[in-house]
Amino acid sequence: MKVLFVTLPGIHDFATYNSMPWDINRLPPIGVISLMSYLHSKGHGVQLIDCSEKIYTSRSNNYIQHIFDAIDSFHPDVIGINMLSQGFKYAKAVAREVKNRYPDLFIIAGGVHPSVEPELTLLQISELDAVCVGPGEEPMLELLDGTLPSQIPGIMAWGYEHRFVKREPVMDIDRYPFPNYSLVNHKYYSAWSAGGSQFGWLSRNLYAMTSRSCSNVCKFCACEWSKPLRMHSPEYVVEMVRYLSSFDIDSLAFFDDSIANDNQRIHEICALLIKNRLGRLRWTAAIRAPQAKSDLLRHMKEAGCYYLSVGCESGSDRILKLLAKGSSVELNRKALRAIHEAGLAASASFMIGVPTETEEEVIETLRFMNEMNFLHVKGIGCFRPLPGSPFYSDFVQRGVIDRNRIDWENLGNFSTISDNNMSNISDKRLRDLFAIGYEISKYVIAAHPDVIKKCPKEIVDTLQREGRLRVFSTENNRPVAMDSPS
């Protein structure tokens with residue numbers, strides 16, 4: 001059978017074709033690509049319509065037409081919509097338009113939002129025939145192999161909600177193939193980018209994951225639906241890196257919640273990358289502050305890592321405890337400095353507007369951001385009770401949030417003040433503080449000297465002229481920024 005996957009546009013995608021090619025976000029839908037790779041390996045036909053890509057490459061905001069064109073040429077049996085909460089209205093539009101024009105096509109939605117709120121998703125988007133709850137590989141394979149949707153564990157079919165059976169996730173994820181970028185427009189994702197999906201680095205890269213889910217339970221995080229933590233073996237990871245290195249890229253971005261959930265495993269991965277001389281392909285990752293040990297950081301650098309991000313969230317110990325971060329302000333400070341001392345570039349993300357947070361606690365966060373002046377990126381967002389997070393579940397249970405009246409798009413947009421401001425700060429003052437944090441968080445584009453030599457001169461000249469490019473090297477094993485790529 002054939003399945004056409006659709007990844008939805010974001011609110012910022014509708015003006016991208018007015019941007020320079022290297023300024024757009026080229027984030028590949030790694031979860032969907034992994035699912036496609038598995039179904040393809042089992043003999044089924046797969047195709048992807050990435051609406052963000054289509055809007056940019058066609059220079060048109062009419063993403064629905066691209067879906068119609070793909071249906072008419074590919075003739076799929078199933079439409080699979082990948083859905084985050086902030087994409088709810090686009091998912092509803094796609095399902096409505098496709099069902100109106102192709103009433104016999106089976107439409108199923110998967111991803112975070114349907115996994116967290118399956119019944120509500122079916123109720124609010126009546127054109128859907130089913131939703132996939134949790135990992136999609138096995139349920140989708142059974143669906144394409146001909147099993148009735150109502151009889152598949154992990155799929156909630158319209159009209160059969162009462163018969164839904166939860167499916168336990170596969171623990172041995174080494175059984176799944178590498179993300180097959182040949183199935184999608186990989187040249188679009190790996191084109192030169194000076195920000196966006198490259199986290200502020202001038203590079204050509206692709207994405208991969210060495211694990212699924214996370215070992216921690218931060219109260220604001222929506223990854224609870226994806227638990228338990230499952231990890232690829234070190235041998236699998238190294239062979240995946242070898243495969244991905246065959247594409248025309250300079251680096252890999254590992255998209256795990258944290259790459260160091262198992263200390264021994266990440267040391268083994270680093271050792272194998274070095275042994276197989278794959279550390280020449282640089283890579284980036286995220287790590288939790290308690291995991292940032294000096295010996296591990298040095299090993300990661302030797303294995304090709306050049307950049308690590310840490311979710312610090314707050315400059316207040318009370319807020320960190322409330323968020324269940326398992327960290328402290330001092331531990332965050334030490335972790336960031338340890339990353340810097342190990343010769344790696346570091347970034348940190350922060351959030352304000354946390355429930356019960358005071359103005360003074362937000363100011364503590366802004367001070368901490370200012371203090372960490374060696375960071376390449378200081379990202380800031382405004383708190384949201386994301387569906388799937390412990391905060392969300394608690395607020396729904398206590399009636400603080402009415403699930404039937406939520407503006408899902410606002411709930412998923414961290415770049416604005418939430419409609420549900422639960423801090424002890426007025427909306428106006430919170431906006432003012434957020435604006436200050438946004439100014440602190442601004443950054444220039446970073447690049448390595450050898451990357452500059454490969455990059456088209458047009459990009460380098462433009463970024464230099466705009467004052468947005470700094471070239472990073474090392475001095476005494478610490479990252480330093482040079483003013484120009486001389």
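A search of the whole structure, a predicted model, finds 23 salt bridges. Side chains of opposite charge can pair when their charged atoms come close.

**Salt bridge between distant parts of the chain**
- D23 pairs with R468, with the closest N and O atoms 2.9 Å apart.
- The two partners are 445 residues apart, so to speak of sequence, and the pair links distant parts of the chain.- D23 sits in the loop between β1 (2-7) and α1 (30-41).
- R468 sits in the loop between α19 (457-465) and β18 (469-475).
- D23 is partly exposed, at 32% relative accessible area.
- R468 is also partly exposed, at 24%.

**Salt bridge between two helices**
- E371 and R333 meet through their side chains in a salt bridge, at 2.6 Å from N to O.
- E371 belongs to helix α14 (residues 359-371), and R333 belongs to helix α13.
- The pair therefore ties together parts that are 38 residues apart in sequence.
- E371 has a relative accessible area of 31%, so this residue counts as partly exposed.

**A further pair and a network**
- R398 and D394 form a salt bridge through their side chains, at 3.1 Å from N to O.
- R398 counts as exposed because its relative accessibility is 53%, and the cut-off for exposed is over 50%.
- D394 is partly exposed, with a relative accessible area of 30%.
- R204, D248, D250 and K454 are joined in a network of salt bridges.

**Backbone exceptions**
- Most residues other than glycine have a negative phi, and most peptide bonds are trans.
- R59 is not a glycine, yet has a positive phi of about 55°.
- The loop between α2 (51-58) and α3 (63-74) holds R59.
- R59 is exposed, at 52% relative accessibility.
- A324 is another residue other than glycine with a positive phi, near 60°.
- The loop between α12 (317-322) and α13 (329-341) holds A324.
- A324 is partly exposed, with a relative accessible area of 30%.
- K227 and P228 are joined by a cis peptide bond, with omega about 10°.
- P228 is found in the loop between β10 (211-212) and β11 (230-231).

How values were computed: Residues are numbered from 1 along each chain as its sequence is written. This is a predicted model: local features need pLDDT of at least 70, side-chain atom pairs count only at pLDDT 80 or more; totals for chains, interfaces and linings use all residues. Side-chain values use heavy atoms; hydrogens and water are left out. Helices (H or I, at least four residues) and strands (E, at least two) are DSSP runs, numbered from the N terminus. Buried means under 20% relative accessible area, exposed over 50%, partly exposed in between (1.4 Å probe, protein chains only). A salt bridge is a side-chain nitrogen of Lys or Arg within 4 Å of a carboxyl oxygen of Asp or Glu.
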